[in-house]
Amino acid sequence: MFTGIVEAVGTLKALKKHGRGFEVLVETPHSFGLADRVKLGDSIANNGVCLTVTKLSGNCFYADVSTETVNCTCFGNYAIGQKLNLELACTPSTHLGGHIMQGHVDGVGTVISKTTLDDAYNIWIKAPSELLRYIAPKGSIAVNGVSLTVNEIKDDAFRLTLIPHTQDAISFDGFDEGCKVNLEVDVLARYLERLFNFDAKKNGTNKSQGSGITMQTLLKNGFI
C-alpha cells in the first residue's frame, strides 16, 4: 500500500526484454537511502506501478515488469532515461499525507492541456471512459504515483492543479500535452460500487430500476 507522496525521483537505466515483459534497472538518488531502507522482496511504486525488488546494486534496484503491467500502464512506452516517481510501501507508522493507494494502475490517461496559473499549473487529463464514474470533484486520484485532488470534471476529462511544492518534488516530465500518464482511482470508490452492486443483486434489484446507496446502507457498512 502507498500514499501518493513521492519520496524521490529515480531514473530508468536499463530495460531487458523478458518475453512480452521487461526486467528494469532503476537508479535512485542518494537521498532515497536505498541500501539502508530496502531489502529483496520489498515493494516500490514507480510512477504509480507497484514493483517488487528482485536485486540490489549500490543505489540501483532491479524489478520485473510483467506482460499484464506493460499492457495496463505506460511502462511499454518508457525508454532508458525515463524519470520515475518513487515511493516505498507504507508501514504501520507511515504518515498518511496523501490517500490510500495500491500501486495497481487502473488505466492510462492523456494530458490534453497544461496552462500556467501564477506559479502553479492547471492540467486537464482525459480519462478512459470506464474510469470516469470513479472520479469525483474534490476527490483524490493518483497520476503517475502522485496523490492529487480533482478540481473539476468536464465531459471525459478532469482538471488538476500542481502547486510549486508538488512540481519540485515529483518528475514533471509526464505532464506535458499529449503525454500518457498512469491513473489509479480512489479504492474507496471501487468498494462503494461493489457494495452497491452486491446489495442490489442480493435484493433482486438493479441500478436501472432506481435502486441506489442510501444513508442507511452507508451507516450499516461503516462508511459514515
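Reader: Leaving aside neighbours within four places in sequence, which residues is Ile 44 in contact with?
Author: This is a predicted model. With neighbours within four places in sequence left aside, the contacts of Ile 44 include Val 38, Cys 50, Val 53 and Glu 87.

Reader: Which residues have the most contacts inside the largest nonpolar core?
Author: That core has 23 residues. At least two of its residues come from each of β1 (8-18), β2 (21-27), β4 (49-57), β5 (60-65) and β6. A second, separate core has 22 residues, among them Leu 160, Ile 170, Phe 172 and Leu 183. In the largest core, those with the most contacts are Val 24, Phe 32 and Ile 44.

Reader: Is Leu 34 buried or exposed?
Author: Leu 34 is in helix α1 (residues 34-37). Its relative accessibility is 2%, and the cut-off for burial is under 20%. Leu 34 therefore counts as buried.

Reader: What distance separates the C-alpha atoms of Leu 34 and Leu 56?
Author: Leu 56 is among the contacts of Leu 34, as are Thr 28 and Gly 58. Along the chain, Leu 34 and Leu 56 are 22 residues apart. Their C-alpha atoms are separated by 8.6 Å.

Reader: Which residues make the nonpolar surface patch of about 300 Å²?
Author: One of them, Ile 100, lies in the loop between β6 (83-88) and β7 (107-117). Ile 100 is partly exposed, at 38% relative accessible area. The patch is made by Ile 100, Leu 96 and Met 1.

Note on methods: Residues are numbered from 1 along each chain as its sequence is written. This is a predicted model: local features need pLDDT of at least 70, side-chain atom pairs count only at pLDDT 80 or more; totals for chains, interfaces and linings use all residues. Side-chain values use heavy atoms; hydrogens and water are left out. Patches are made of residues with over 30% relative accessible area and no salt bridge: like charges are joined within 9 Å, nonpolar side chains (Val, Leu, Ile, Met, Phe, Trp, Tyr) within 5 Å. Accessible areas come from the Shrake-Rupley method with a 1.4 Å probe; for residues, only the protein chains shown count as cover. A salt bridge is a side-chain nitrogen of Lys or Arg within 4 Å of a carboxyl oxygen of Asp or Glu. Helices (H or I, at least four residues) and strands (E, at least two) are DSSP runs, numbered from the N terminus. Buried means under 20% relative accessible area, exposed over 50%, partly exposed in between (1.4 Å probe, protein chains only). A nonpolar core is a set of buried Ala, Val, Leu, Ile, Met, Phe, Trp, Tyr and Cys residues joined through side-chain atoms within 4.5 Å. Contact means heavy atoms within 4.5 Å.
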